[in-house]
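Dear colleague,

I am handing over the structure below, and my notes on it follow directly after. Please read them alongside the coordinates.

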Amino acid sequence: MIRLRPRIPLRLRFFFRAAFALLALAVLGLALTLLAEEKERAWRSRRDGVDQTLAQIGARLRHPTGQLALMNPEARPGPPLRPLVLPFGAIDFDDRAKAQQAVEMAGCALQYADAVQLCAAVGSNPAAGGFLYLVGQLPLGPLAARAPGDTDFSHAHRAQVRVAMRGREWRWLAPYELPADAGAGAGRGKLTGFAVEAGTVADRPQRDFRGWLWQDARCIDGGSADDCLRRSYYSLRLPVELFREDLQAARGRPVWPPADLDRIEVHLRLLGPGDDAAAPLFDSDQPGATPPFTLAELARLLQPGESLRVRRLGPGRATEVALLSGPEDLAQPLLPLLERLIRALPVQDNPAPLQASDTVTTPTGRYELQLTGDRRGVDRALGRVATRTAWFVGALLLAIGLTWAAIELRVIRRITLLTRRAAAVRRDVKEGGEIRLDVAELRGSDELGVLAGTLAELMQRVNEDVHREHIRARQEKDQWHAVGHEILSPLQSLLALHGDPADPSHRYIQRMQQAVRVLYGQASPTEAFQATALGLSALDLDQFLRQVAENAPHAGIDAVAYEGPGGPLAVQGDDYALEDVVTHVLRNAARHRWPGTPITMQLQRAGQRAELRLHNQGPQIEPAQLERIFEYGVSDAPADSGSRGQGLFVARTWMAKMGGTIVARNEADGVSFVLSLPLA
């Protein structure tokens with residue numbers, strides 16, 4: 001029994017311990033790498049999110065509704081109703097469709113119950129005259145118009161308007177009137193405005209007060225009754241004297257819109273026929289109205305920790321318009337150790353501030369949008385991912401520790417002993433002796449015991465197979481010795497009978513002697529061919545092949561046609577080996593060609609090599625056999641034909657030793673063997 005050296009188990013234990021330590025470090029490294037990549041992705045995602053959020057906000061603010069919010073950052077929901085600056089120069093109040101379209105695009109209307117709307121606004125262009133517009137819609141029954149010249153307005157539908165500004169007040173009363181050319185049931189009429197001062201209505205309408213009232217011909221409920229409710233639209237243009245005074249005092253450099261626009265109060269009441277004290281059809285001061293879109297609503301688009309700053313750009317300085325913040329991050333704070341770890345993780349791109357900016361242009365100026373993200377929000381989000389990952393990493397490390405302990409305590413000692421015995425087997429193999437593996441104390445019912453017993457049985461069988469192989473090799477070598485001796489003697493006699501070099505038989509007898517010398521004394525034909533060294537020299541391949549074609553009938557191969565390059569073509573080769581190669585290929589071609597068809601040999605130069613193509617007409621070779629036919633013992637000849645599948649194997653072996661190649665190819669009418677040799 002081999003004496004054990006103490007350093008072997010030490011190395012084995014060091015290997016296992018190092019492997020498990022590396023595995024644990026790899027798990028930690030993998031977790032940190034994934035966390036770093038997650039941080040990189042989180043930063044990119046947050047930067048992209050900031051850009052996308054700002055793009056979404058910019059697109060919203062470039063829409064007329066967004067421009068309305070930008071131009072009216074201090075707008076306050078009513079009551080009372082306060083005018084807004086429109087992103088349009090003015091409203092074409094005489095045209096119902098255009099007035100409606102302007103209000104809907106700008107989104108300036110307050111939304112009341114029952115689909116009632118009202119927009120109070122001024123145009124963005126001071127050159128339009130500084131008017132105040134009231135545009136809205138509501139459901140009304142049949143309209144009652146004021147008769148021409150009637151001073152009692154209580155018989156008609158009418159509008160009461162009040163505007164308060166800078167301590168002054170203007171009032172109008174506008175009854176509904178039909179145009180002179182309007183027929184019965186007309187759906188369009190004027191709202192003629194009469195100024196009201198100290199409770200007295202003026203005798204004549206105010207020229208700059210203009211208004212229209214339209215009504216659909218169809219009922220809202222789809223019926224056809226005369227007294228049904230119909231969708232009604234109105235448009236008023238109110239002249240504001242203070243607007244005009246400001247524009248005239250500016251002398252070509254007007255300040256528009258007025259700085260106190262958000263402090264102007266507008267009150268509109270729509271009355272039906274009857275006393276003014278009766279309940280109005282509509283009152284702009286009624287509660288529950290939904291205001292238009294404001295900048296504060298953009299806060300819903302912001303992520304936790306993000307802030308949006310809106311500034312109006314002006315000559316020399318920028319004025320802050322709004323500062324909006326996203327919702328508060330209510331997530332629990334991270335553990336200090338985990339927070340430090342996340343901060344220490346590297347990021348390829350040095351994380352610049354999470355910031356993006358854009359510019360929106362409106363009719364009243366340019367506005368800068370600056371969106372800023374919160375870096376701590378990224379770390380907190382990543383910390384939640386890291387917390388979940390830590391459980392999996394801990395479980396992996398625990399599994400690694402338990403596995404190491406089990407192997408260390410239960411397996412490693414027996415594996416170390418088996419390794420020592422395997423080292424002894426390795427020494428026996430090198431010395432060529434009998435392989436011995438003593439595993440008596442390793443046998444058992446567990447996996448390692450079964451493995452040890454199986455290895456012992458395997459080694460015993462290997463010993464028996466090696467012993468049988470040695471006997472077979474000796475017998476085969478003796479057999480080849482006897483065959484070689486028995487063949488050489490008759491060949492010597494034949495060579496004496498055909499001693500003339502011009503005799504074709506003389507050359508074939510010399511080839512037979514060379515083949516016998518190659519095989520003589522070798523253990524097997526494959527070893528013989530592989531061990532033989534050829535004597536390479538310059539050989540005129542054209543002349544050589546002509547001679548082979550002429551001598552082919554003496555070898556039992558007729559109808560061999562040769563086509564050369566028309567001049568000498570020298571290659572590096574051995575004439576006996578090369579003739580053996582060509583003869584084997586010719587015999588193979590003769591065996592498989594169609595009866596009565598020739599075998600053609602074509603020689604040509606291909607670069608720095610000579611290429612010989614031997615072609616026979618006949619059945620093609622199976623594609624899967626094109627390479628296998630060059631293996632030793634592969635043959636399709638009948639078992640009683642004497643063919644051992646050796647010819648093409650010999651051909652490829654000799655070609656390889658001469659630095660050449662041989663391949664088989666299927667052609668349309670048969671098979672071609674292509675031989676290639678380097679030029680001398």
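Helices (H or I, at least four residues) and strands (E, at least two) are DSSP runs, numbered from the N terminus. This is a predicted model, in which local features need pLDDT of at least 70 and side-chain atom pairs count only at pLDDT 80 or more, while totals for chains, interfaces and linings use all residues. Residues are numbered from 1 along each chain as its sequence is written, and side-chain values use heavy atoms, with hydrogens and water left out.

Cavities

On a 1 Å grid over the protein atoms alone, a cavity is a set of points where a 1.4 Å probe fits but cannot get out, whereas a pocket is an open set with protein on both sides within 12 Å along at least five of seven lines; lining residues have an atom within 4 Å of a point. Grid points are joined across faces, edges and corners, and a volume is the space filled by probe spheres set on the points.

Searching the whole structure gives five cavities of 30 Å³ or more. The largest cavity holds about 110 Å³ of space, and among the 14 residues lining it, Gln-100, Gln-117, Val-135, Gly-136 and Tyr-233 are the closest to its centre. The largest share of that lining, five residues, comes from α3. In classing residues, Ala, Val, Leu, Ile, Met, Phe, Trp, Tyr, Cys and Pro count as nonpolar, Asp, Glu, Lys and Arg as charged, and the others, Gly among them, as polar; on that basis the lining of the largest cavity divides into seven nonpolar, five polar and two charged residues.

The second largest cavity has a volume of about 70 Å³, and β5 (158–165) and β12 (265–271) each supply at least two residues of its lining. Its lining residues include His-157, Arg-158, Tyr-234 and Leu-281, and by class there are eight nonpolar, one polar and one charged.

The sheet and the pocket beside it in these notes

Strands β15, β14, β17 and β16 form, in that order, an open sheet of four strands with antiparallel pairing, where two strands pair if DSSP finds at least two bridges between them. β15 and β16 (355–362) are the edge strands, each pairing on one side only. Seven bridges join β14 to β15, with Leu-313 bridged to Ala-318 in β15. β14 and β17 pair over seven bridges, and here the partner of Arg-311 is Glu-368 in β17. Between β16 and β17 there are eight bridges, and a hairpin joins these two strands through two residues.

The second largest pocket has a volume of about 670 Å³. Its lining comprises 28 residues, of which Met-71, Pro-73, Glu-74, Pro-257 and Arg-312 lie nearest its centre. β15 provides the largest share of this lining, three residues, and α2 (64–71), β1 (84–85) and β14 (307–313) are among the elements that each supply at least two. The lining has 17 nonpolar, four polar and seven charged residues.

A helix pair

Helix α11 (residues 575–592) and helix α12 (residues 647–657) pack at an angle of about 145°, with their axes 9 Å apart; axes are lines fitted to C-alpha atoms, for helices over the stretch in contact, and angles run from 0 to 180 degrees between N-to-C directions. Residues making the contact (heavy atoms within 4.5 Å) include Val-581 and His-584 of α11 and Val-650 and Trp-654 of α12.

Best regards
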